[in-house]
Amino acid sequence: MDNEERAEQLVQQYGFDFGSIPKQDIIALLRQEIDRPQPGSSEYIRLLCGYLFCLGDSSDVPLLEKAKYGISMDVGCMIDGAWIDNLKNGSLDEKDEKNKLIDAFVFYYRNYF
């Protein structure tokens, strides 16, 4: 299965109801991909990082940074630095910004496939 299909399958499996997506599943998939990235997996990793951002908090920043900065430049460019910055800051003002970033993430993937 190619990486586009992997990403599409993930969206079909989890959708965008972030209250029902098991965060630990996303973390496990992301760690697995960081440890053994498949060639061309930038979109798949971006999707996993986006899910983790939508579900996450500041405790997830190190994993997102590892994905953004530790795999390759191609992958790093795909992962939105605003996701990391938003989770790092975590202030009340950032909640509105987080909602905007989540809306943009959902819009992107609803129209991607």
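Is Arg6 buried or exposed? Arg6 has a relative accessibility of 11% and counts as buried, where buried means under 20% relative accessible area, exposed means over 50%, and partly exposed lies in between (1.4 Å probe, protein chains only).

## Basis of the report

The structure is a predicted model, in which local features need pLDDT of at least 70 and side-chain atom pairs count only at pLDDT 80 or more, while totals for chains, interfaces and linings use all residues. Residues are numbered from 1 along each chain as its sequence is written, and side-chain values use heavy atoms, with hydrogens and water left out.

## Salt bridges

Side chains of opposite charge can pair when their charged atoms come close. A salt bridge is defined as a side-chain nitrogen of Lys or Arg within 4 Å of a carboxyl oxygen of Asp or Glu. By this rule the structure contains four salt bridges. One of them joins Arg6 and Glu33, whose closest N and O atoms are 2.5 Å apart. This pair links distant parts of the chain, with Arg6 in helix α1 (residues 3-14) and Glu33 in helix α2 (residues 23-35), 27 residues apart. Helices are DSSP runs (H or I, at least four residues), as are strands (E, at least two), and they are numbered from the N terminus. Glu33 is buried, with a relative accessible area of 3%.

A salt bridge is also found between Lys23 and Asp60, with 2.8 Å between the closest N and O atoms. Lys23 belongs to helix α2 and Asp60 to the loop between α3 (42-55) and α4 (61-70), so this pair ties together parts that are 37 residues apart in sequence. Asp60 is buried at 5% relative accessible area, whereas Lys23 is partly exposed at 21% relative accessibility. In Glu65 and Lys88, the closest N and O atoms of the salt bridge are 3.0 Å apart. Glu65 lies in helix α4 and Lys88 in helix α6 (residues 81-89), so parts that are 23 residues apart in sequence are tied together. Glu65 is partly exposed, with a relative accessible area of 24%, and Lys88 is partly exposed, at 47% relative accessibility. Salt bridges that share partners also join Lys23, Asp57 and Asp60 into one network.

## Aromatic rings

A pair of aromatic rings is described by the distance of the centres and the angle of the planes. Rings of Phe, Tyr and Trp (its six-membered ring) pair if their centres lie within 6.5 Å; planes under 30 degrees apart count as stacked, over 60 as edge-to-face and the rest as tilted. The count by this rule is 15 aromatic pairs. Among them is the stacked pair of Tyr108 and Tyr112, with 5.4 Å centre to centre and 25 degrees between the planes. Both residues lie in helix α7 (residues 92-112), four residues apart, which is about one turn of the helix. Tyr108 is partly exposed, with a relative accessible area of 30%, and Tyr112 is partly exposed, with 29%.

How are the rings of Tyr112 and Phe113 arranged? Their centres are 4.8 Å apart and their planes stand at 85 degrees, so the pair is edge-to-face. Phe113 is partly exposed at 34% relative accessibility. Ring pairs link a cluster whose members include Tyr14, Trp83, Tyr108, Tyr112 and Phe113.

## Charges over rings

A charge sits over a ring if NZ of Lys or CZ of Arg is within 6 Å of the ring centre and within 35 degrees of the ring normal. Arg6 lies over the face of Tyr44, at 3.8 Å from the ring centre. The charged end of Arg46 sits over the ring of Tyr108, 4.4 Å from its centre.

## A buried leucine

Leu48 is found in helix α3 and is buried, with 0% relative accessibility. Leaving aside its neighbours within four places in sequence, Leu48 is in contact (heavy atoms within 4.5 Å) with Leu10, Ile26, Leu29, Leu30 and Glu33. The C-alpha atoms of Leu48 and Tyr108 are separated by 14 Å, and these residues are 60 residues apart along the chain.

## Cysteines

A disulfide is a covalent bond between the sulfur atoms of two cysteines. With the cut-off that the sulfur atoms lie within 2.5 Å, a search of the whole structure finds zero disulfides. The cysteine sulfur closest to that of Cys54 is in Cys49, 11 Å away and too far for a bond. For Cys77, the closest cysteine sulfur is also in Cys49, at 13 Å, again too far for a bond. Cys54 is buried at 9% relative accessibility, whereas Cys77 is exposed at 60%.
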